[in-house]
Structures are given as structure tokens and as C-alpha cells.
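Open the model in your viewer and get ready to select side chains. This tour goes from ring to ring.

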Amino acid sequence: MTITRTPQATTSPPRALLAASYFANVDRFAVAPLLVVIAAAMHAPLSDVALAASGYAFAYGGSQVVWGLLSDRLGRLPVLRIALVGAGLSGLASTMAPTLTVLIALRILTGAFVGAIVPASIDSVAPRERQQALSDLMAATGSATATATLIAGVVAQFSSWRVVFAIPAIALGLLVFTLRGLPEPARESGGTHYRDLLHSRWLLLVLLLGFVEGGLLLGGVTYLAPALQHDGMGLTAAGALAATYGIGVLSGTRIVKPLSVRLPAWLLLAIGGSLLIGGFTVMAVWQSAIALTLSAVILGSAYSFMHSTLQTWSTSVLPRARGTVVALFTAALFGGSAVSTAVVAPLAGDGRFGTIFALAAVLGVPLTLAAVFGRARWTE
């Protein structure tokens, strides 16, 4: 085994990649508060507009396999440069979409390009420090979630929803210039072992867990702001309260980072799963502004505990094909988000948000049990 161009190990990704991850998540999370506004502006039902979110998530996840294969062969940074330019151009094009069909198509294209950014950041640190580094990346995600949902509501109410898509698009396009001088992350020789991928039962379990986690914690949270708006809350206020999910992610990552070196991984998953079930249960039975805000913080913390642990696990299942495995895991995560968002869209269109959240709470039980017992039995 040979290692090429080994950078100095660090517990934190380079700042340029943290910034790229931040704006990628701004672009991803800004759409949720805009669903009702876009539906009204384009005279379309909410269930149709929701395809802009589910299509984006599907493309984000589905593109991971392509990005992973290209990155294992060409390197992270060349692929990342292409992705940043593509995300910037397609994101700007989204601001000029004349119809809902064109908007959905452009959001799908943007999601496909944005899909390369976070995996590149993950691979920039040594494996032993990866969960701590993932906590930093998730802190960027939490900050992006909070600011995206808050700013999206304010900007859309006083300007236009089109402006919201322009902000991260411009930032992502400009970030390509910050990659100069950044060292290429180490890559292990030998390529991807497809036979190992097909025969690894642990990989299949991790991918299944990622799919369900994405369906619950990403797909379910998509309808948080619409649920608040359904109860008569204004766009700005709904976006501000939905932003507390990002606050939960941000605060959760600060707790997970030190705990990840003290507690076993299965216990971190148990904590995350319990928070997930509790948060969605509160949302299912009590949908006031106070309850939804509190639950959003709880679910953000659940994501911090569960996702960082599952993704760290995914990077260790097959180290020889790490880039491809990370890509498959992210594909599963956002594939689950896309499927769940689309499946429950008719319920959202009918205003049955309590049913959506109740389903998420119920499905959280087998997810937690499978994750905890699976991780407890697995040895590296």
C-alpha cells in the first residue's frame, strides 16, 4: 500500500472546505421556508413544489456515487473545483426559472453539483480524528441551517424567494478561488474493491441506517416551517423558529466532540436515537409554536449525535474504498430524505403535519435499536 502526497494530520478540515460546506448547506436548507411562498407565487399546490426539495435531495445523494468514483481516481480537489463552479452557475440559473418545472430541474442540477462538497471535506483529515472533524463540519451545517432558514424567511418576505437562491450560488462560485495551495488529501492505492462492497454485510447495514436516518431527520424536518405556516404564522417568524433546528445541531456538535473520545459509539447512537424519538413525539401531539421550536432544537441535537457517529462508522467499514463508501452513505442519507419528502407530500398538502411527525417518531424506534446493537457488535 502506498500513500501519495500525505498532508499533515489535523482534527479540523481546512477553512476553505468548512466555508464551502457552510454555503452548500445554506443552499440546501433555504428551500424549506420558501415552499409555501413559491407555491403561492407560481400558483401550484404545495405537494408539487415539494419536489424542488425532494428532487434536490435525491440528486445530492445520487450524485455521490459518481463523485466518489471520480475522487478516488482524480483526487478530491479537481472534482471539488468542478462542483463549485457548477453549483454556482446552476444556482444562479434557479433565480431566473420561469416555471415550476424549470425550477425543479435546476434545483436537481444544483443538488447534484453540491453533492461533492461535504465528502471532500471529510476526507481531508486522518481517520482517527474523523469524528471530531465531523463535529466541526456539522457545526458548519448547524450554523448554515439556522442562518438559511432565518434569512430565507426575511429575504423572501421583503424581497423575493429568487434572491435567496442567489446568495449561496455566488458564494460557492467564488470559493473555487480559495482552493489554491490546498494540499490534495491522501488517497490509498488499489482502487475500489467492488466485490468487497457487494459482500460486506456491515456496509449494507450502515447504508440502510443512513437511508432511514435521512428520511426522518432530513425529510421530516423539511416540513417544520410549513407546519408553522399552516397554523397561521408569518414567513419570517416561521423561518426564525425553524432556524432553531440549526441551533440544536450547532450546540449538539459542541457536546459530541468531547464525548466522542470518552463514550462508546453505540451509546452516542442511543442518545441520538432517544432525542429523535422524543422530538418527533412532541411534534406529533403538540404543534404549537413553543412545542415545534423546542422539538426543532431536540432534533438538531439528535442529528449531531446520530449522524456524526454513523458517518464515522461508514468511513471505517472498508478503508480501501473509503471515498466510494462515503459517497454511498451520503447517497443513502439523501435518498432517504428525497423519498420521505415525496411520500408524505400529500399529507403536507392536506395539512396533516401531526401524522407526518408521528410516523417519524414510530420509525425512529427500529432505527435506534438497529443502530445501537449493530454498532455494539461491529469491530474494526
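A charge sits over a ring if NZ of Lys or CZ of Arg is within 6 Å of the ring centre and within 35 degrees of the ring normal. Keep in mind that this model is predicted.

**Stop one.** Select Arg28 and Tyr60. Arg28 lies over the face of Tyr60, 5.7 Å from the ring centre.

**Stop two.** A ring pair is described by the distance of the centres and the angle of the planes.

Which helices hold the two partners? Tyr60 is in helix H3 (residues 46-74), and Phe334 is in helix H16 (residues 322-343). The pair therefore ties together parts that are 274 residues apart in sequence.

**Stop three.** Select Tyr22 and Phe23. The structure holds eight aromatic pairs. Tyr22 and Phe23 form an edge-to-face one, with 5.0 Å centre to centre and 85° between the planes. Tyr22 is partly exposed, at 22% relative accessibility. Phe23 is partly exposed as well, with a relative accessible area of 24%.

**Stop four.** Select Trp202, Trp313 and Trp378. Ring pairs link them into a cluster.

**Last stop.** Select Arg107 and Phe165. Arg107 lies over the face of Phe165, at 4.1 Å from the ring centre.

Note on methods:
Residues numbered from 1 in each chain as written. Predicted model: local features only at pLDDT ≥ 70, side-chain atom pairs only at ≥ 80, totals over all residues. Heavy atoms only, no water. Phe/Tyr/Trp six-rings, centres within 6.5 Å; stacked < 30°, edge-to-face > 60°. Buried < 20%, exposed > 50% of the residue type's maximum accessible area, 1.4 Å probe, protein only. Helix = DSSP H or I, 4+ residues; strand = E, 2+ residues; numbered from the N terminus.
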